[in-house]
Amino acid sequence: MTLSELVPGEIGIVKEFTDLEMSVKLMEMGCLPGESITVSRVAPLGDPIAINVSGYQLSLRKFEASTIILQ
Amino acid sequence: MKADIRVALVGNPNTGKSTLFNTLTGLNQKIGNFPGVTVDKKTGICTLPDGRTAEIIDLPGTYSLYPKSQDESIVFSVLADKANAHTPDLVVVIIDATNLKRNLLLYSQVADLKIPVIVALNMIDLSKKAGITIDIDLFAKKLGVPVIPISARKVEGIDKLKAAIGFANKIALQEPSIDVEAIAPQLIAQISEELKLDNPYFALQLAHQHETVKFLTPQQSDRIEELEKEFSFHSQKAQGAETIARYSFINDLLYDTVKIPETAKDETVSNKIDKVLTHRVFGLFIFLGILLFMFQSIFSWSAYPMEKIGDLFAWAQNFLHQVLPAGPLTGLVVDGVLGGLSGVMVFIPQIAILFAFISILEDTGYMSRVTFMMDKLMRKVGLNGKSVVPLIGGFACAVPSIMSTRTIENWKDRMITIMVTPLVTCSARLPIYVLLIGLVVPNRNVWWVFNLQGLALTGMYIFSLISAVVVAFAFKLILQGRERGYFIMELPVYRMPRWNNVAYSMYDRSKAFVLQAGKVIIAVSVILWVLASYGPGDRFAKIEQKYKQPQYAQKLKPDDLTRAINSEKLENSYAGALGHFIEPAIRPLGFDWKIGIALITSFAAREVFVGTMATIYSVDGNAEKIESVQKKMGSAKNPETGKPVFSLAVAFSLMMFYAFAMQCASTVAVVYRETKNWRWPAIQFAYMTILAYAASLLAYNLLK
């Protein structure tokens with residue numbers, strides 16, 4: 001299951017990443033393995049999404065969210 | 001003035017870094033909630049409690065020392081380059097107390113460079129409000145550096161911070177964070193030995209960034225590359241390992257020193273606002289509504305001050321004409337320079353209001369939501385959610401908008417945004433459109449509510465956006481991307497705008513506009529005036545002679561006589577010769593030699609069109625009185641056919657030309673500055689001129 005499959009309100013815990021380049025950027029922004037992520041909303045056109053992680057709000061594209069595998 | 005110590009201000013975006021900089025230095029600057037507004041390096045002097053002075057350098061906001069955009073790369077260069085004149089003696093890392101975890105990543109990287117560090121724990125008031133308790137003494141002890149709680153917005157704790165800067169040690173005392181050497185032991189040891197470095201993290205950073213930093217010689221850089229191959233160093237893997245190690249250090253640190261309640265209070269307020277502003281259905285309508293309100297305000301609020309500025313200049317010109325002796329020099333100063341200047345100055349209210357709006361939208365955090373909502377749409381045409389900001393700014397002026405594209409990390413997205421931003425109808429095109437639409441579109445209502453002239457003007461604005469999108473799509477297909485695009489962006493918490501910041505932004509941008517455009521317009525006015533006032537050989541003398549003959553002198557009223565002399569002189573002046581020279585090229589577009597002169601002068605700046613038209617149609621007195629220029633242009637007849645020069649076809653053809661042509665020297669200059677390559681402004685100039693010619697040709701032939 002990946003982050004892009006969650007709907008707003010759902011919570012997931014990061015397990016690993018499928019894309020090395022993306023994972024470096026995501027981890028810098030606080031999306032680390034073991035961290036809990038809440039999907040807070042989806043942009044009006046369906047992409048990108050906004051998530052709550054490490055105590056703040058981050059937006060990322062669905063494709064980028066699909067590289068985050070959840071536990 | 002040489003300061004006693006040099007202090008660099010480092011921190012994540014949206015941590016109040018620029019606000020702290022302003023408070024420390026008293027020097028104001030632009031601050032925004034939109035990630036990365038602080039792009040140019042800004043410095044200011046701060047007087048410390050002990051009487052010494054500190055030079056504060058405001059570095060661009062960044063989440064880590066590994067740069068993702070152009071301006072972020074400055075941070076490591078400034079901190080690391082020992083030979084640089086700006087190497088700081090001390091780094092103040094500003095940390096958002098409501099968001100400690102992510103903020104501490106950058107701190108731990110900077111600390112490991114072993115430069116003396118002080119932590120400014122900002123927004124301590126908000127963090128208390130949210131119920132976060134921080135054991136500051138223990139926190140400081142564990143880090144090994146002074147930690148000063150402050151609130152930059154409320155100006156709390158600033159004196160303590162200044163005192164701490166004064167007391168700061170010359171040597172770095174911070175506790176080690178992670179085992180840096182474990183990431184790439186052999187490589188770090190080898191680089192340290194060969195470059196004689198005493199800091200393992202600095203060596204590791206050089207391994208990552210040796211290609212971008214300026215202070216290494218090509219030989220050193222190549223040698224590092226060789227070593228990386230030898231020890232099979234993988235930059236991204238190493239970066240990932242480092243980030244994980246750092247966050248594990250941070251988690252341990254926070255576990256001992258900080259208690260965070262389950263849900264932060266501030267978060268929910270922001271969430272409630274977001275539920276409305278980024279709503280699936282209403283979100284885009286609200287954005288559209290805000291845009292409409294913005295343009296409505298720009299036009300309606302600026303009407304009165306614009307009129308007053310115009311009147312003031314008209315008065316000054318009349319006054320100077322009466323006081324100064326008539327002659328070529330007076331003509332140059334009053335009609336050329338002052339006339340040209342009034343053409344720029346009338347735009348100040350529009351520019352100021354537009355930048356007030358943009359500043360408020362950025363400061364509150366709404367602009368990040370706009371990029372969030374628009375990203376999907378913009379991506380389809382090869383742009384990026386972040387391109388929305390420069391495109392909206394383009395309605396005012398392409399120059400600052402192109403500078404604001406630095407926040408776009410992806411090279412291709414940024415280039416495309418730069419290439420299409422000048423297509424958006426900027427405020428300099430407005431007077432031209434108003435003049436031409438007033439000339440050919442009847443002022444009456446259709447379908448009860450819509451004014452035909454207003455519709456035509458709105459049409460030109462929408463048309464400019466459509467053309468920008470289409471051209472962007474074309475560039476998307478042509479340009480080869482260097483790297484993958486991504487959109488990982490913080491959505492900052494909504495905040496009230498800082499009104500003094502909004503006021504400063506209005507002042508600062510208006511000043512920049514006047515200085516930048518003013519120079520061009522004065523230069524063009526002077527050149528045009530000289531070219532239009534003198535002619536080759538004895539042509540002018542012959543014209544004077546001709547009109548002294550009784551058949552003219554007696555039949556015509558003195559005013560009409562002067563006008564007839566002037567217009568015949570113009571046709572025979574250098575400017576007239578230039579117009580006649582290009583006439584064959586622009587004849588297919590429906591333009592005559594007089595319009596040709598205006599086209600040429602407009603390549604310096606579009607604003608000079610009205611002034612040029614005023615000069616050419618020899619309207620006496622006030623060049624800014626659009627009505628009188630309009631009347632003159634409206635009654636101008638083609639000498640061959642006897643029909644009006646400005647027919648519907650010619651006016652629209654001319655508007656199409658102004659819509660597409662790159663007639664702005666300042667934009668060309670700024671595109672060069674931002675791309676560092678003459679190829680880009682050249683390509684832009686070429687494609688826009690070709691489009692302008694084609695669109696004019698099409699419009700003229702369709703409407704003829």
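B:Gln236 lies in helix α10 of chain B, which spans residues 235–257. The model in which this residue is described is a predicted one. B:Gln236 counts as partly exposed, because 15 C-beta neighbours are found inside 10 Å. Leaving aside residues up to four places away in sequence, B:Gln236 touches A:Leu20, A:Glu21 and A:Val24. The C-alpha atom of B:Gln236 is separated by 53 Å from that of B:Ile522, a residue 286 places away along the chain.

The contact between the two chains takes 30 residues from chain A and 33 residues from chain B. On the side of chain A that touches chain B, α1 (20–28), β2 (36–42) and β4 (56–60) each supply at least two residues. Of the elements of chain A, α1(A) gives the most to this side, with nine residues. By class, the side of chain A that touches chain B holds 15 nonpolar, eight polar and seven charged residues. Strand pairing also links the chains: β4(A) and strand β11 of chain B (residues 489–490) pair in the antiparallel sense, over two bridges. A:Ser59 has B:Met489 as its bridge partner in β11(B). In general, strands of a sheet pair through backbone hydrogen bonds, in either a parallel or an antiparallel manner.

Chain A itself contains two helices and five strands, and these follow the pattern β-α-β-β-β-α-β along the sequence. Its C-alpha atoms fill a box of roughly 30 × 20 × 20 Å, taken along the principal axes. The radius of gyration of chain A is 11 Å, which agrees with the value near 11 Å for a compact globule with 71 residues. Buried residues account for 54% of the 71 residues in chain A. Among contacts in chain A between residues at least 6 apart in sequence, 50% join residues at least 24 apart.

For chain B, the domain assignment gives domain 1 (5–167), domain 2 (180–259), domain 3 (282–478) and domain 4 (511–703). The centres of domain 1 and domain 3 of chain B, taken over C-alpha atoms, are separated by 36 Å.

Chain B includes an open sheet of six strands, with mixed pairing and the order β2-β3-β1-β4-β5-β7. In this sheet β2 (42–47) and β7 (147–149) of chain B stand at the edges; each has a single partner strand, so one side of each is left without a neighbour in the sheet. Neighbouring strands of this sheet are turned by 25° against each other on average, direction ignored. Within the order, β4 (residues 90–96) and β5 (residues 117–122) of chain B pair in the parallel sense over six bridges. In this pairing B:Val93 stands opposite B:Val119 of β5(B).

Helix α18 of chain B (residues 411–420) is mostly covered, with nine of its ten residues buried. The buried residues of α18(B) include B:Met415, B:Ile416, B:Ile418, B:Met419 and B:Val420, as well as B:Lys412, B:Asp413 and B:Arg414. Among the elements of chain B that cover the buried residues of α18(B) are α16 (388–393), α17 (398–403), α20 (452–478), α30 (665–675) and α31 (679–703).

Methods: Residues numbered from 1 in each chain as written. Chains lettered and ligands numbered in written order. Predicted model: local features only at pLDDT ≥ 70, side-chain atom pairs only at ≥ 80, totals over all residues. Pairing = 2+ DSSP bridges. Helix = DSSP H or I, 4+ residues; strand = E, 2+ residues; numbered from the N terminus. Axes fitted to C-alpha atoms, helices over the stretch in contact; angles between N-to-C directions. Contact = placed C-beta atoms within 7 Å. Nonpolar A, V, L, I, M, F, W, Y, C, P; charged D, E, K, R; others polar. Buried ≥ 20, exposed ≤ 12 C-beta atoms within 10 Å, placed from the backbone. Domains from an automatic or database assignment. Rg over C-alpha atoms; globule rule 2.2 N^0.38 Å.
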